Amino acid sequence: MRIAMIGTGYVGLVSGVCFSDFGHDVVCVDTSPEKVDMLNRGEVPIFEPGLDIMMEKNVAAGRLRFTTEIEPALDGVDAVFIAVGTPTRRGDGHADLTYVMAAAEDVARNLKGYAVIVVKSTVPVGTNKKVRERVALTNPEAEFDVASNPEFLREGAALDDFMRPDRVVVGVETDRAAEVMAEIYRPLFLRDFPIVTTDLESAEMIKYAANAFLATKITFINEIARLCERVGADVKEVAKGIGLDGRIGNKFLHAGPGYGGSCFPKDTMALARTGQEYAAPVQIIETVIKVNDEIKRRMIDKILEACDWSVAGKKIAVLGVTFKPNTDDMRDAPSLTIVPALVGAGAKVVVVDPKGRREGEALLPGVTWDADPYAAAEEADALVILTEWNEFRALDLKRFAETMATPRLVDLRNIYSEEDAQRAGFDTYVAVGRGQGPGQTRGHD
Ligand code: NAD
Ligand code: UGA
């Protein structure tokens with residue numbers, strides 16, 4: 001199949017590369033000349049494990065190209081995927097469809113012959129039909145169908161999620177479009193990955209419902225974590241105990257500093273707005289959004305409390321600022337709420353992140369960056385773990401305790417235990433949902 005991919009961000013680039021790995025002929029189009037130049041030099045603009053190797057292989061095989069020019073890219077294509085951003089619209093919280101509609105118009109103006117226009121971006125219910133109308137209006141001669149094909153990959157595990165998905169969802173209106181989509185996903189179908197073929201609206205809703213459910217699951221365990229702190233229970237034990245129930249499942253039950261990222265925050269917000277617009281408020285999601293914001297702010301108090309309620313002039317080493325490990329994405333990361341609050345309270349913050357610096361420097365003014373966690377924490381008054389990168393999971397805690405001014409560990413991802421911290425010489429260990437009494441476990445209390 002010949003495929004054009006409009007947008008080469010986290011989703012467009014991964015999808016384009018993976019489709020070419022299926023054996024399809026793929027042209028990726030982006031309006032950013034810098035991005036396309038990088039890609040044409042063989043450089044990957046984002047950090048996604050394994051993507052560079054797969055990209056290189058398929059470019060070398062002649063199945064994958066990058067361009068800013070949409071017109072030649074659409075020559076003879078069977079399908080055009082739209083994978084541009086759908087951020088939160090300023091002011092009202094709805095999904096901003098400006099980029100999707102602009103891409104749809106670009107496609108309409110340049111389409112020659114029949115193709116399926118596939119919306120891969122996460123878009124509110126009704127958008128695929130709006131895309132169909134916009135394309136027809138822009139180019140009444142265009143011969144096309146629309147299809148909804150929401151993407152479920154996670155950053156940091158994107159290739160595996162794309163190549164071994166739990167399911168592929170396809171919303172269509174015609175048999176012809178269904179056949180093209182089936183041909184594109186044939187390699188997955190042949191390996192028995194479930195393909196859910198449905199109508200446009202259901203496909204659009206599946207994506208929002210899935211993200212909202214996962215955000216709710218995380219928020220649920222975060223609220224239970226808070227209660228665990230008060231009653232002396234350990235949220236890790238609780239998560240294990242409930243997760244073994246097959247109806248609940250053990251995934252997405254890690255308590256932490258609140259969900260962040262490019263999708264859960266904006267998609268929960270957009271779903272809540274859709275509910276309000278259709279007079280069917282999704283109250284549980286409205287609450288999840290509110291609680292998640294509170295959770296992020298509560299983390300600031302945890303750090304302040306560990307530092308005896310004053311961080312002015314104190315040195316704090318923060319490990320991890322990306323919204324999760326294995327990505328350089330800083331969008332809506334909890335660190336963007338927590339770190340500025342510490343800087344604002346007068347702390348001298350030193351940040352270590354394996355991949356977050358390039359994006360993070362502009363977003364976190366007033367902090368110092370260091371590549372080495374041990375150097376960052378020298379003479380520090382607190383060590384805060386904000387993102388659970390693998391390189392932070394097996395630190396020599398003793399070395400930290402020996403060189404810090406005050407050995408305090410605030411572990412917002414629960415990757416260590418109080419015993420680990422005490423054995424290493426920390427006199428304060430604060431975690432999430434593993435406390436005894438109000439506040440948290442405090443070794444020196
Ligand atoms: P992104 O911001 O990383 O990338 C969007 C790209 O589109 C940019 O490179 C931009 O230059 C390009 N672009 C914008 N308008 C264009 C146009 N008219 N023509 C060509 N290129 C254009 O976005 P993303 O994170 O890849 O997300 C894309 C969509 O996929 C969103 O709707 C998002 O909700 C959804 N999604 C994202 C993820 C994820 O993990 N990031 C996962 C599933 C779904
Ligand atoms: C999420 C979904 O998992 C993907 O299926 C979806 O395609 C994507 O959003 C999207 O629509 O863009 P992603 O944002 O890459 O993927 O990352 P997740 O692994 O889901 O993590 C999201 C946030 O939740 C992170 O801040 C993470 O730290 C947090 N989280 C996750 C927890 O706090 N606890 C958990 O148990 C799991």
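The questions below concern the ligand site and the cysteines of a predicted model.

Biologist: Which residues come nearest to ligand 1?

Modeller: The model is predicted, and a residue is counted around the ligand if a heavy atom lies within 4 Å. There are 25 such residues around ligand 1. Those that come nearest are V11, D30, K35, T86 and K266.

Biologist: How many Å is an oxygen atom of ligand 1 from an N or O atom in the side chain of K266?

Modeller: A polar contact needs N or O atoms within 3.5 Å. For the K266 side chain and a ligand oxygen atom, the distance is 2.6 Å.

Biologist: What share of the area that ligand 1 exposes when taken alone does the protein bury?

Modeller: Taken alone, ligand 1 exposes 840 Å². The part of that area buried by the protein is 88%.

Biologist: Which elements give two or more residues to the shell around ligand 1?

Modeller: The shell draws at least three residues from each of domain 1 (2–197) and domain 2 (199–445). By class, it has nine nonpolar, eight polar and eight charged residues. The elements giving two or more residues are α1 (10–22) and α5 (98–110).

Biologist: Is C307 buried or exposed?

Modeller: Buried means under 20% relative accessible area. C263, at 30%, therefore counts as partly exposed. C307 has 0% relative accessibility, so it counts as buried.

Biologist: How many disulfides does the count come to?

Modeller: A disulfide is a covalent bond between the sulfur atoms of two cysteines. The rule asks for a pair of cysteine sulfur atoms within 2.5 Å. By this rule, the number of disulfides is zero.

Methods. Residues numbered from 1 in each chain as written. Chains lettered and ligands numbered in written order. Predicted model: local features only at pLDDT ≥ 70, side-chain atom pairs only at ≥ 80, totals over all residues. Heavy atoms only, no water. Polar contact = N/O pair within 3.5 Å; in protein donor to acceptor, adjacent residues only side chain to side chain. Areas by Shrake-Rupley, 256 points an atom, 1.4 Å probe, with all protein chains shown as cover. Helix = DSSP H or I, 4+ residues; strand = E, 2+ residues; numbered from the N terminus. Nonpolar A, V, L, I, M, F, W, Y, C, P; charged D, E, K, R; others polar. Domains from an automatic or database assignment. Buried < 20%, exposed > 50% of the residue type's maximum accessible area, 1.4 Å probe, protein only.
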